[in-house]
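Subject: Structure handover

Hello,

Here is the structure I said I would pass on. My notes follow it.

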Amino acid sequence: MKESGRGQACANIALTKYWGKRPGTANAPATPSISLTLDPLRTETTVQMIDTADDQVVLNGVEATGRPKERIVWFLDIWRDKGLISGSVFVSSFNSFPTAAGLASSASGFAALTMALADLAQADLSRRELSRLARLGSGSAARSIFGGIAAMPLGDNPAARCVLEAEATPWTMVIAVVDAPEKTVGSTEGMERSRTASPYYRAWTALAKKDYATVLHGVMHRDFTRVGETMEANMYAMHGCMLATRPSLPYWSPGTLEVLQEAKVQRSKGLEAYATVDAGAHVALLCRHDDADAVADMLSLLMDRERVMICRPAGHAEIPA
Ligand code: DP6
């Protein structure tokens, strides 16, 4: 074990969504998922051994308390229980993108922390083992261990794998950061509520398996239209399941619908971009690399240009040199 370690990873947005956990497992998803890892949505994390009774966590320069800290301490406990590290740890993490924008920071956060802890532990862990560990922190983080397009299958203790390297991925995500209040129900709680109280939950998990197979096949064949259409339909199905949850889980704001409508109008005019929305209000539009500027211009008609982010496929999570 070293005195300190460093890691970095990029966020990802799912093409087919993970929404639901299998009860009685260690954060094993109830739906398989596929995602695109995105540059420049990057998290850089440093960990250091400290001589104090408790761990210390600093996120974007501010000392963390409450739930965000508890979640990280709990994750450090897993590494300690496995004998990979010992003693108290100081964690400092920076996002290159505004966390308040509500973009997927738990994915890049836990993936970067996993890389930093692997560096600290000096353990010989394969990328699949790293992905499994990251999943314990946050399901979507398992995918951020890999760059390009990553797939996470079902299983008792699944790991993600890379299905298309970043350099071979011909698609870009253009993200519209929609004006929205901070969300009140996080993914972990929302998933549990949907599992126990959405009449559409079973239909959703069954459909998710079909969409996963369709998108995986589409990615292999670089079939953009098939991937895009299935991605968008999968997103609507997930939000249908969320909305039907009692009490309802509405994540959208008026701006979300505005972007979704505009994307549809532009598609009918020949600009081929497909929309997806996570457990939040922001919309990500998937397009071919060459159409990214046109998609960003289209979004700029609806919102300030600084709220529009062109995100290219990112590489794998790393221990920086
Ligand atoms: C809607 O990975 O944040 O973004 O495992 O409880 O941390 P936990 O959940 P998390 O859920 C992501 C949900 C999603 C869809 C997705 O990224 O696949």
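What area is buried between domain 1 and domain 2, and what part of that area do carbon and sulfur atoms give? The buried area is about 3000 Å², and carbon and sulfur atoms give 74% of it. Buried area here is the accessible area (1.4 Å probe) that two parts lose on being put together, summed over both. Leu15, Lys17 and Trp19 supply 29% of what domain 1 buries against domain 2, more than any other three residues.

Before the rest, some conventions. This is a predicted model, in which local features need pLDDT of at least 70 and side-chain atom pairs count only at pLDDT 80 or more, while totals for chains, interfaces and linings use all residues. Residues are numbered from 1 along each chain as its sequence is written, and side-chain values use heavy atoms, with hydrogens and water left out.

Domains

The protein chain is assigned domain 1 (4–168) and domain 2 (172–311); such bounds come from an automatic or database domain assignment. The domain centres, taken over C-alpha atoms, are 23 Å apart. Contact (heavy atoms within 4.5 Å) links 33 residues of domain 1 with 38 residues of domain 2.

Ligand

The ligand lies between the two domains, because both give residues to the shell around it. Of the 17 residues around the ligand, Tyr18, Lys21, Arg71, Ser140 and Thr188 come nearest. The shell divides into five nonpolar, seven polar and five charged residues; Ala, Val, Leu, Ile, Met, Phe, Trp, Tyr, Cys and Pro count as nonpolar, Asp, Glu, Lys and Arg as charged, and the others, Gly among them, as polar. Helix H5 (residues 187–197) gives the most to this shell, with three residues.

Oxygen atoms of the ligand lie 2.7 Å from a backbone N or O atom of Gly139, 2.7 Å from a polar side-chain atom of Ser140 and 2.8 Å from a polar side-chain atom of Arg143. Taken alone the ligand exposes 460 Å², and the protein buries 94% of that; these areas come from the Shrake-Rupley method with the 1.4 Å probe.

Backbone

Most peptide bonds are trans. A cis peptide bond joins Asp39 and Pro40, with omega about 10°, and Pro40 is in strand E2 (residues 33–50). Helices (H or I, at least four residues) and strands (E, at least two) are DSSP runs, numbered from the N terminus. Another cis peptide bond joins Arg246 and Pro247, with omega about -5°.

Regards

Conventions. Near = heavy atom within 4 Å. Polar contact = N/O pair within 3.5 Å; in protein donor to acceptor, adjacent residues only side chain to side chain.
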